[in-house]
Amino acid sequence: MHNLAKIMSLFCLWIALSSASTTASASYDLQATIDAAKPGETIIPPAGIYKGNFTITNAITFDGSNGVILDAEGKGTVLLVKTTGATVQDMILRNSGRLHNELDSGIQVRGDFNILKNLTMENVLFGFDIQQSNNNIVKNNKINSRDVDLPLRGDAIRLWYSTENKILNNIITDSRDVVVWYSKNNRIAGNKIRRGRYGIHFMYSQYNLVEKNDIRNNTVGIFLMYSDGIKVLNNKIIESSGSSGMGIGFKETSDVIIAGNDVLGNSVGLYLDVSPYQPDSENLISDNNISFNGIGVQFHSDWKGNRIVHNDFASNFTQIVVRGGGSARRHLWDSNHWDSYEGFDKNKDGKGESPFDLWSYADRLWMDIMPISFFRGSPGLEALDFIERLAPFSEPKHLIRDQQPMMERIAGLDPVELKTNTIHPEPEGDFENEAETKRAEAGPAPKVVHSPPSTALQLLLKARQSQ
């Protein structure tokens, strides 16, 4: 009997504590506290679920590390940051509204030099909506959209006419896009992006830097549309699948550098449509590992102006495709590694003595006639392709010539080991590059200093500067 009374007493105490923690917001006016805080002050509200829509208009630090949850109850934006120099950190924001025309979000930013970090977004339409706002830092956040069909979800991060922002080390799952509209000089680095539509999508946005992101299982990894001068460096773009799946896509995009990326297991590794577009411009595609894709590189048409050098092409079902029956010989192909190259290296300099030539035979049927693509890789089409190569009954199309192909894999990894250790998603761990993001908190960061590129890439950049 004594034990039963003790258990009942403990149970009542637990109920009381639970009730206090979840109803703290009833006796604590959070918005009034935010409004009363002077610039430079820090507010640390007690633990609890605070319901409604909140606004910050002063340069304060809003710290929710006590266990703060902001809940918009399905209406509007959870938190509006309408100031310069505020910090919002360590809390959960959930249950935004559902209206796309209102951009219902976890956080809307309408100001400069704000820091938004260590936040968890749950069941929000848009995650961060940043409009006409500059020099903000969005880092170490977890963002998840509403559980609706993919096109109806909001964007995890949306930049609109915003410059010099840093999007660092966020984990983004099951949202629609990370999209950058009319925005320059932003840095998007160290993020993990999973199961969205576009991992990162640029529209009319120049001179942005995209580096060291891990982008997997989206429909499209990175897409550059009408966006010049972008650098895409040292990212992993893996398993972009479906009929429109592609690792990195370009449309009417010029003066970009695509270097040091792992583009693995996608329907199409690289897709180029009228790129470069500007007169006398070029795109540099160098030091990438383009492997295990359905198509390594696909050109929408017979175009020119890309330098495709020192890349690794291995275990792609088809290396190069040019739609419309054209060729890709007007691009510069040099010093790439091709796993189907059959030449020799007599002088042991690591390069083949004869060029690598790629021809298109009867297997073009599946490229030009959509229903036949269903039979790609089938015994019948493979037999037709073999007979065509053995005794061509039509003139084959000369697709590319790499004058000095590399003999060894540039990536330095065995294909089986690479596929086993890289393509399959790893367990999610702690955020990376934390020291780097701490330096970013100090305010407007200096220009980013990158690790040295390969010798081949350095020579090409030097050649570009001298033109």
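Contact is taken here to mean heavy atoms within 4.5 Å. The structure is a predicted model, in which local features need pLDDT of at least 70 and side-chain atom pairs count only at pLDDT 80 or more, while totals for chains, interfaces and linings use all residues. Residues are numbered from 1 along each chain as its sequence is written, and side-chain values use heavy atoms, with hydrogens and water left out.

By the contact criterion, and not counting residues up to four places away in sequence, Ser183 touches Leu159, Trp160, Tyr161, Ser162, Tyr204, Ser205, Gln206 and Asn208. Ser183 is located in the loop between strand E16 (177–181) and strand E17 (187–189); strands (E, at least two residues) and helices (H or I, at least four) are DSSP runs, numbered from the N terminus. With a relative accessible area of 0%, Ser183 is buried, where buried means under 20% relative accessible area, exposed over 50%, and partly exposed in between (1.4 Å probe, protein chains only). The side chain of Ser183 reaches the backbone nitrogen of Tyr161 at 3.1 Å. A polar atom of this side chain also lies 2.6 Å from the backbone oxygen of Trp181.

Of the 467 residues, 50% count as buried. Among contacts with a separation of 6 or more, 56% are between residues 24 or more positions apart. The accessible surface comes to about 21,400 Å², and 55% of it belongs to carbon and sulfur atoms; these areas come from the Shrake-Rupley method with a 1.4 Å probe, and for residues only the protein chains shown count as cover.

An open sheet is formed by 12 strands with parallel pairing, in the order E3-E6-E8-E10-E13-E16-E19-E22-E25-E28-E31-E34. Its edge strands, E3 (54–56) and E34 (318–322), each pair on one side only; two strands pair if DSSP finds at least two bridges between them. On average, neighbouring strands of this sheet are turned by 10° against each other, direction ignored, with axes being lines fitted to C-alpha atoms, for helices over the stretch in contact, and angles running from 0 to 180 degrees between N-to-C directions. Within the sheet, strand E25 (residues 246–251) and strand E28 (residues 268–273) run parallel and are joined by five bridges. Gly249 has Tyr271 in E28 as its bridge partner.

The structure holds 16 salt bridges, each defined as a side-chain nitrogen of Lys or Arg within 4 Å of a carboxyl oxygen of Asp or Glu. One of them joins the side chains of Asp129 and Arg110 (2.7 Å, N to O). This pair links distant parts of the chain, 19 residues apart: Asp129 belongs to strand E10 (residues 126–131), and Arg110 to the loop between strand E8 (105–109) and strand E9 (115–124). Asp129 counts as buried at 0% relative accessibility, whereas Arg110, at 26%, counts as partly exposed.

A further salt bridge connects Asp214 with Arg194, the closest N and O atoms being 3.4 Å apart. Here too the pair links distant parts of the chain, with Asp214 in strand E21 (residues 214–216) and Arg194 in strand E18 (residues 192–194), 20 residues apart. Asp214 is buried at 11% relative accessibility, and Arg194 is buried at 4%. Glu252 forms a salt bridge with Lys251, with 3.8 Å between the closest N and O atoms. At 22% relative accessibility, Glu252 counts as partly exposed.

Methods
A polar contact is a pair of N or O atoms within 3.5 Å; within protein, one must be able to donate a hydrogen and the other to accept it, and residues adjacent in sequence count only if both atoms are side-chain atoms.
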